[in-house]
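This briefing is meant for a reader meeting the structure for the first time.

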Amino acid sequence: MELKIFKDYSDLSASAAMQIVNCVKSKPTAVLCFATGDTPKLAYQKVGEIAKQHNVDFSKCFFIGLDEWLGIPPANTGSCHYFLHHYLFAPLGINSSQVHLFDAMTVNEEVECDKMNRLIEEKAGIDLMLVGVGVNGHIGFNEPGADISSGAHIAQLEEITKSVGQKYFNEEVVINKGMTLGLKQVMNARTLIMMANGKKKAPVVSRVLNENISTDFPASLLRQHNHSLLMVDEEAASELEK
Ligand code: F6R
């Protein structure tokens, strides 16, 4: 695992956006899988501009959803679906045929997860996965104790995830379960980037680097991935030893 520390959120985001653009530049048919949330928001906003500057075409790549709040419709501005369309797909002019996200309104959760697993196999795996990290160390909705060998599944969310998750919604919502790719798929991504910014993530970043590697703190698994990058700003790195 490589660690990169940036002066601030803006520099961090620009570099993450550059990683995305470079991935598609070197492999126009890249399979990409991205987290939503506050952390990667600015990076996604910068992707369009950087892609234009570097003349990189996103029309042949494919996007697979990392996670979704079960039961939250795509039109809800707090859904992962809405977020990705708003900040990434629409500005980049991505066609709906290039995207497969979890259907949070499915009547058959198992079928929905199987579909996701099959798709990843058909696409021969994920080239670049970019994730954030929860304060409990979750990746996607792989909460502490998640199964290391899991594929797409429905996860019972921890109380902390449910309460922190309210920040994405305009009104209070019931979010008990998440749909998520599993840790096996996270670890199988050819490149795995984790981003963290701000003081509130400083204890988490310290744990990512210092905690025993275990699913008790899923983000620690990043250190076991053979092509992973932890990108943080100085605030998030402020609890690391020099
Ligand atoms: C969301 C996701 C989550 C977030 C994590 C951090 O799609 O995968 O694991 O990455 O909860 O969220 P923020 O970036 O809002 O702090």
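Across the whole structure, which is a predicted model, a search finds 8 aromatic pairs, where rings of Phe, Tyr and Trp (its six-membered ring) pair if their centres lie within 6.5 Å, and planes under 30 degrees apart count as stacked, over 60 as edge-to-face and the rest as tilted. Local features need pLDDT of at least 70 and side-chain atom pairs count only at pLDDT 80 or more, while totals for chains, interfaces and linings use all residues. Residues are numbered from 1 along each chain as its sequence is written, and side-chain values use heavy atoms, with hydrogens and water left out.

**Aromatic rings**
- Tyrosine 44 and phenylalanine 83 form an edge-to-face pair, with 6.1 Å from centre to centre and 75° between the planes.
- Because tyrosine 44 lies in helix H2 (residues 41-53) and phenylalanine 83 in helix H3 (residues 80-92), the pair ties together parts that are 39 residues apart in sequence; helices (H or I, at least four residues) and strands (E, at least two) are DSSP runs, numbered from the N terminus.
- Both tyrosine 44 and phenylalanine 83 are buried, where buried means under 20% relative accessible area, exposed over 50% and partly exposed in between (1.4 Å probe, protein chains only).
- Ring pairs also link Phe34, Tyr44, Phe63, Phe83, Tyr87 and Phe89 into a cluster.

**Nonpolar cores**
- In the largest nonpolar core, which has 37 residues, Ile64, Ile126, Met129, Leu181, Met194 and Val208 touch the most other members; such a core is a set of buried Ala, Val, Leu, Ile, Met, Phe, Trp, Tyr and Cys residues joined through side-chain atoms within 4.5 Å.
- Elements that each supply at least two residues of this core include strand E2 (31-34), helix H4 (109-122) and strand E9 (191-196), and H4 gives the most, with 4 residues.
- Apart from this core lies another, of 35 residues, among them Ala30, Val47, Leu84 and Phe89.

**Lysine 162**
- Lysine 162 is found in helix H5 (residues 159-165) and is buried, with a relative accessible area of 14%.
- Leaving aside neighbours within four places in sequence, lysine 162 is in contact (heavy atoms within 4.5 Å) with Gln156, Leu157, Ile175 and Asn176.

**Overall form**
- The secondary structure of the protein comes to 7 helices and 10 strands.
- Of the 242 residues of the protein, 54% count as buried.
- The C-alpha atoms fill a box of roughly 50 × 45 × 35 Å, taken along the principal axes.
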